[in-house]
Amino acid sequence: TREALVRRLRYLPPNKDLRETFQYNNLMFVTAGYLVGTLQGTSWEDAIRSLVFQPLGMTGSNFSVAESQRAADYSLPYEVRNDTIHQMPFRDINLVGPAGSINSSVDDMLKWVRMQLSDGTADGRHVIQAATLRDMHSPHMPIGLPDEKEFGAEDYGMGWFLTSYRGHYQASHGGNIDGFSALVTLYPQDHMGIVVLTNQNGSPLPEL
């Protein structure tokens with residue numbers, strides 16, 4: 001169970017001291033999601049439905065690849081092997097759901113982006129406090145220096161990779177699962193957001 005997974009984290013010895021270096025860790029996202037459900041007295045999925053999906057009107061988003069396949073226009077997962085495209089099986093990651101099980105559409109993701117660029121508001125009411133949103137978009141852990149001169153130093157916020165592109169502050173985060181690659185990029189100071197969803201495994205297209 002998700003609870004058992006979180007409780008077993010105590011047996012994983014840290015290989016670095018706290019804040020010594022940046023390490024992306026899906027188990028920490030699982031833990032955060034589990035805590036959200038616990039604090040709300042429900043599951044993580046139900047908490048996200050009530051706190052995010054319903055206020056934003058994200059009616060086409062869900063947490064299950066089985067549920068996704070009940071939609072009339074769901075995407076199939078593909079990969080490229082030896083220059084040939086092959087369909088892949090869907091991967092069920094419900095156990096570690098908070099680390100990436102949300103399935104969505106461009107229309108729904110743009111509702112999420114619009115809220116991120118509107119001080120946390122949707123339809124005139126706050127979904128999240130503006131100060132909390134600014135904290136999410138602020139550096140909390142340095143990552144390192146860029147390889148390309150167009151980019152600034154990279155940091156991690158709360159669920160966002162942070163840098164600047166040619167002087168424009170940028171927050172972004174990708175998602176990859178078997179047969180699908182996605183990227184959401186925000187330019188908060190420019191009030192611009194970009195959503196790219198692809199149904200190809202490990203596709204470079206969203207980053208491009």
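In what order do the six strands of the open sheet stand? The order is 5-6-7-8-9-10, and the pairing is antiparallel. Pairing here requires at least two bridges found by DSSP between two strands. Helices (H or I, at least four residues) and strands (E, at least two) are DSSP runs, numbered from the N terminus.

Before going on, the ground rules. This is a predicted model, in which local features need pLDDT of at least 70 and side-chain atom pairs count only at pLDDT 80 or more, while totals for chains, interfaces and linings use all residues. Residues are numbered from 1 along each chain as its sequence is written, and side-chain values use heavy atoms, with hydrogens and water left out.

Angles run from 0 to 180 degrees between N-to-C directions, with axes fitted to C-alpha atoms, for helices over the stretch in contact.

Now the middle of the sheet. Strand 6 (residues 154-156) is joined to strand 7 by two antiparallel bridges, and Asp-155 has Leu-162 as its bridge partner. These two strands form a hairpin with four residues between them, and Gly-159 in the turn has a positive phi of about 85°. Strand 7 (residues 161-165) then runs antiparallel to strand 8 (residues 168-177), with five bridges. There, Leu-162 is opposite Ala-171. Two residues separate the strands of this hairpin, where Arg-166 has a positive phi near 50°.

What lies across strand 9 (180-187) and strand 10? Helix 5 (residues 106-116) does, at about 155° to strand 10.

The largest nonpolar core has 11 residues, among them Met-109, Val-113, Leu-162, Ala-171 and Val-184. A nonpolar core is a set of buried Ala, Val, Leu, Ile, Met, Phe, Trp, Tyr and Cys residues joined through side-chain atoms within 4.5 Å. Buried means under 20% relative accessible area, exposed over 50%, and partly exposed in between (1.4 Å probe, protein chains only). Helix 5, helix 6 (130-136) and strand 9 are the elements giving two or more residues to this core. Beyond its neighbours within four places in sequence, Val-184 is in contact (heavy atoms within 4.5 Å) with residues including Met-109, Val-113, Trp-160 and Ala-171.

A second, separate core has nine residues, including Phe-53, Met-58, Phe-63 and Met-115. Met-58 sits in the loop between helix 3 (44-56) and helix 4 (65-68). Is Met-58 buried or exposed? Met-58 is buried, at 6% relative accessible area. Leaving aside neighbours within four places in sequence, the contacts of Met-58 include Phe-53, Asp-108, Lys-111 and Trp-112.

Last, helix 3. Its buried residues, including Trp-44, Ile-48, Val-52 and Phe-53, pack against helix 1 (2-7), helix 2 (26-40), helix 5, strand 3 (121-122) and strand 4 (125-126). Helix 3 has a kink of about 35° centred on Ser-50; the bend at a residue is the angle between axes fitted to the seven residues ending there and the seven starting there. Just after helix 3, Gly-57 has a positive phi of about 70°.
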